[in-house]
Each structure stands twice: as C-alpha cells, then as structure tokens.
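Here is a short note for a colleague opening this structure for the first time. Please read the points with the view beside you.

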Amino acid sequence: MSANLFNVEDTIILVSGGSRGIGFAMAEAFAEQGAQVIITGRNEDALIEACESSENFRYPITYRICDVASEAVINACVEDVVAEHGRIDTLINSAGINKRMPAVEYTADEFDQIMHINLRGAFLMSQAVGKVMIKQGSGNQINIDSLSTHMPLTQILPYAMSKAGLSNMTRGLALEWGKHGVRVNAIAPGFILTDLTQKMWANENMLAWHKVTTPLERMGQVDDLVGTAIFLASAGSAFITGQIIRVDGGATAGTHWPIAGNFDVTHNT
Ligand code: NAP
C-alpha cells in the first residue's frame, strides 16, 4: 500500500521561475522521477539551457516564457500548458527577487517591484492555475517561501514582507480550495546557495555567522529542498494543506548563546 506514496510519474508539473536555482533543481528532480515538467522564466536562453540537461529523461523538460509581472502573460501561459497537456497536477511558485538595503533607503518603485513579483505574481499564477485545478477536482500548489516568512532579517524588509504575505496566501488558498481537492503548501528554505545569494555568501563573516546560527552547520544546497517538494506533490502528503514546511538546517529552531563552551550564570546569594 505504501509502495507508490511518493510517486509523481506522469504528473504534469509547472514550475514558475524554473530556469535556475531552487526552481530548476525541483524541475530536474521531478523530471528524473518521470514527471512532465514545464519551466517558466523571462530569459529564453536560460530556459533553453535548463531544458538541455533533461534530454535523456523519459519526458524532457519543456519551457514557456512567462513574466509573472503580467497577468495577461500568466493567463496565456497557463492556457497554453493546459491546451498541450490537458491538466496541471502541481504548480511550484519559485519566481522571486530580492534587493538588500536598510529600510529607509528603498524607493517606492523598488518596494513595488519586489511585491509585484514575489507576492502579486505568485498570487496571479496560483489563481490562474487554481481555476484549472478546481475544474479538474485535484491539484497541489507549492509556494517557495523563506526563512524571513517567520522572522524578518535586517536589510531585506520588503522581501520579508512579501514572503510573510505569501505564507498567508498559502493558508488562505488552502482554506478556500480544500473542498475542491486542491492542496496548497509552502516550503520555507533556509540559506541556500544560488545566483540570488552567492554574492552574500562569498563574504567570510557571513559564512561564520551562518555556521553559528544553523545547527546542521552547513550552507543549504538546492537539492536539499527537492525531497520536500516531491513529498508535497505526492500522495504521501494527501492530508497536508495550508502548511509552511521549514527546510533550513534548523536555523529557525532557536537561538544560540554568543559564547562557546559551558558557562554558569547562576546568581548564588
Ligand atoms: P534565482 O536563482 O535568482 O532564480 C530565480 C528564478 O525566478 C529564475 O528562474 C528567474 O528567471 C525567475 N524569475 C525572476 N523574476 C521573474 C519574473 N518576473 N517572472 C518569472 N520568473 C522570474 O533564485 P533562487 O535562490 O532559486 O530563489 C527562488 C525562490 O526561492 C525565490 O522565491 C526566493 O525568494 C526563494 N528563496 C530563496 C532562498 C535562497 O537562499 N536562495 C531562500 C529562501 C527562499 P528569469 O530571471 O529568467 O526570469
């Protein structure tokens, strides 16, 4: 009975923001498992290159150009995927951007751009695919949230605000769509080495800080996230919806004291 619990073979997976980083790692993993994967992004060359890695899979990965900044483009993309594949079983919302600076320095345009892609874009993509899933009476949506979903980090406040919004979107859509057989969950990754973050992690102080704050004492890799994504897209998680699963090496489990070794601060009177 448990043999097929995590089987995603022949399912149709749409990965928004799948040309590189976390989205691409997930796309590749699903394709390796025999799923039919369609990745999206803005840059066609990057999409073509990403698809090339899957030429030997049962279903090579295919792509659509889709900028989540545009509602019309999203709707056309989803319509096109359904016209070709007949259905969408899983949507992974990974398209996202960030800009790091103190809160006082963001311009209104910079704030809007982050919200526009990370929150509005994810919502419109979820909505367009949600309509398809409601009609077919089944489906999974997986949003890529963040460590800053639960606790804002300094110098990325609009990003943290967008991700906090995404977590409420996850729970809210799960509430509305459960009765249609559509599950909506999120993965909140910790610090993962990708194009989005590599400049930051080239700094030695940052790496030392990361080691202290992450119990598993290593940087997350994109492959660390794919098991959870496959789990959330499969029958193994059939009774899970509206949840944000933290895959962060324990970074949000608690806080360390800033000094090493044993110490006694008991006040004896
Ligand atoms: P990445 O390597 O920069 O990849 C981002 C992907 O999103 C690319 O495929 C990019 O393709 C696409 N994208 C960006 N803007 C888009 C738009 N307007 N429309 C459609 N696609 C767009 O980033 P990543 O590190 O993999 O991050 C992926 C997701 O994970 C993001 O939502 C991020 O917030 C989240 N996350 C990352 C980390 C981390 O440590 N890396 C941690 C927590 C959460 P194009 O540029 O060609 O459009």
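1. **Contacts along the chain.** Start with how the chain meets itself. Among the contacts in the protein with a separation of 6 or more, 73% join residues 24 or more positions apart. Keep in mind that this is a predicted model.

2. **Order of elements.** The protein has 7 helices and 7 strands. Read from the N terminus, the elements run β-α-β-α-β-α-β-α-β-α-β-α-α-β. The radius of gyration is 19 Å, close to the 18 Å that the globule rule gives for 269 residues, so the protein is as compact as a globular protein of that length.

3. **Box and surface.** Taken along the principal axes, the C-alpha atoms fill a box of roughly 75 × 50 × 40 Å. The accessible surface comes to about 14000 Å². Carbon and sulfur atoms hold 53% of that surface. Of the 269 residues, 46% are buried.

4. **Helix 5, its span.** Now turn to residues 157–177, which form helix 5. Helix 5 has 21 residues. From its first C-alpha to its last it reaches 30 Å, close to the 30 Å expected at 1.5 Å a residue.

5. **Helix 5, its buried side chains.** Which residues of helix 5 are buried? They are P158, Y159, A160, S162, K163, L166, S167, M169, T170, L173, A174 and W177. An α-helix has 3.6 residues a turn, so residues three or four places apart point the same way.

6. **Helix 5, its cover.** What covers these buried residues? The cover includes helix 4 (108–136). It also includes strand 4 (90–93), strand 5 (139–144), strand 6 (182–189) and strand 7 (244–247).

7. Q155 sits in the loop between strand 5 and helix 5. Its phi is positive, about 65°, although Q155 is not a glycine. With a relative accessible area of 42%, Q155 is partly exposed.

8. **E217, also with a positive phi.** E217 lies in the loop between helix 6 and helix 7 (226–233). E217 is not a glycine, yet its phi is about 55°. Please check the backbone at Q155, where phi is positive, and at E217, where phi is positive too.

9. Is H210 buried or exposed? Its relative accessibility is 3%, under the 20% cut-off, so H210 counts as buried. H210 belongs to helix 6, residues 204–213. Apart from neighbours within four places in sequence, H210 is in contact with F191, W201, R218 and M219.

10. **F57 in a loop.** F57 is in the loop between helix 2 (44–52) and strand 3 (62–65). At a relative accessible area of 21%, F57 is partly exposed. The cut-off for buried is under 20%, so F57 does not count as buried. Beyond neighbours within four places in sequence, F57 is in contact with E28, A31 and E32. F57 and Q36 are 21 residues apart along the chain, and 9.6 Å separates their C-alpha atoms.

11. **A surface patch.** Where is I259? I259 is in the segment after strand 7. Together with W257 and F263, I259 forms a nonpolar patch on the surface. The accessible area of these residues together is about 360 Å².

Terms used. Residues are numbered from 1 along each chain as its sequence is written. This is a predicted model: local features need pLDDT of at least 70, side-chain atom pairs count only at pLDDT 80 or more; totals for chains, interfaces and linings use all residues. Side-chain values use heavy atoms; hydrogens and water are left out. Helices (H or I, at least four residues) and strands (E, at least two) are DSSP runs, numbered from the N terminus. The expected span of a helix is 1.5 Å times one less than its number of residues. Buried means under 20% relative accessible area, exposed over 50%, partly exposed in between (1.4 Å probe, protein chains only). Contact means heavy atoms within 4.5 Å. Patches are made of residues with over 30% relative accessible area and no salt bridge: like charges are joined within 9 Å, nonpolar side chains (Val, Leu, Ile, Met, Phe, Trp, Tyr) within 5 Å. Accessible areas come from the Shrake-Rupley method with a 1.4 Å probe; for residues, only the protein chains shown count as cover. A salt bridge is a side-chain nitrogen of Lys or Arg within 4 Å of a carboxyl oxygen of Asp or Glu. The radius of gyration is taken over C-alpha atoms; the globule rule is 2.2 Å times the number of residues to the power 0.38.
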